Amino acid sequence: MFTATTLSGSKPEQYAELASQARSLLAGESDRIANAANLSALVYHALPALNWVGFYFYDGHELVVGPFQGQPACVRIPLDKGVCGAAASTRQTQRVADVDAFPGHIACDSASRSEVVVPLVADGRLIGVFDIDSPELDRFDADDQRGMETIAAIFVESLA
């Protein structure tokens, strides 16, 4: 049984522990909805100063909201819009210190001030994005980006 609690220690230590928990949580399960739901809850409750953690899945045309923790979200995001669209279309992680300064930002939750979005790619195919928002400006640094990229990779590996 998992109990989601805020992690302590340095950021690299927090992310190492979170990655270990994520691997254990997803072990033996390949259903993307179940894994996205559990991973969203795990990250949302484990890390401080987050107001939205979740997944958008690519349907071949646009991103469609999947499991998440936080306020209700935008349901569909075109690949040419917002931070999620930028991550999906470029297939590169987007780390944004101030979402209001990001061209074309979509304000699904007006409380969000900074964001990290990691593209989910398997065998060269876009699956979707892993999206993490904070109500704090400049909440995410390079350690957070690496940690979220590791969590996203664990999710993609679970689907195989």
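**View 1. Ala 49 sits in the loop between α2 (32–46) and β1 (52–58).** Ala 49 counts as partly exposed because its relative accessibility is 25% (buried is under 20% relative accessible area, exposed over 50%, partly exposed in between; 1.4 Å probe, protein chains only). Its phi is positive, about 60°, although Ala 49 is not a glycine. Most residues other than glycine have a negative phi. This is a predicted model, where local features need pLDDT of at least 70, side-chain atom pairs count only at pLDDT 80 or more, and totals for chains, interfaces and linings use all residues. Residues are numbered from 1 along each chain as its sequence is written, and side-chain values use heavy atoms, with hydrogens and water left out.

**View 2. Asp 123 lies in the loop between β5 (114–122) and β6 (125–134).** Asp 123 counts as exposed, because its relative accessibility is 85%. Asp 123 is not a glycine, yet has a positive phi of about 50°.

**View 3. The protein has four helices and six strands.** Helices (H or I, at least four residues) and strands (E, at least two) are DSSP runs, numbered from the N terminus. Along the sequence the pattern reads α-α-β-β-β-α-β-β-β-α.

**View 4. Buried residues make up 47% of the 160 residues in the protein.** Of the contacts (heavy atoms within 4.5 Å) with a separation of 6 or more, 52% join residues 24 or more positions apart. The C-alpha atoms fill a box of roughly 40 × 30 × 25 Å, taken along the principal axes.
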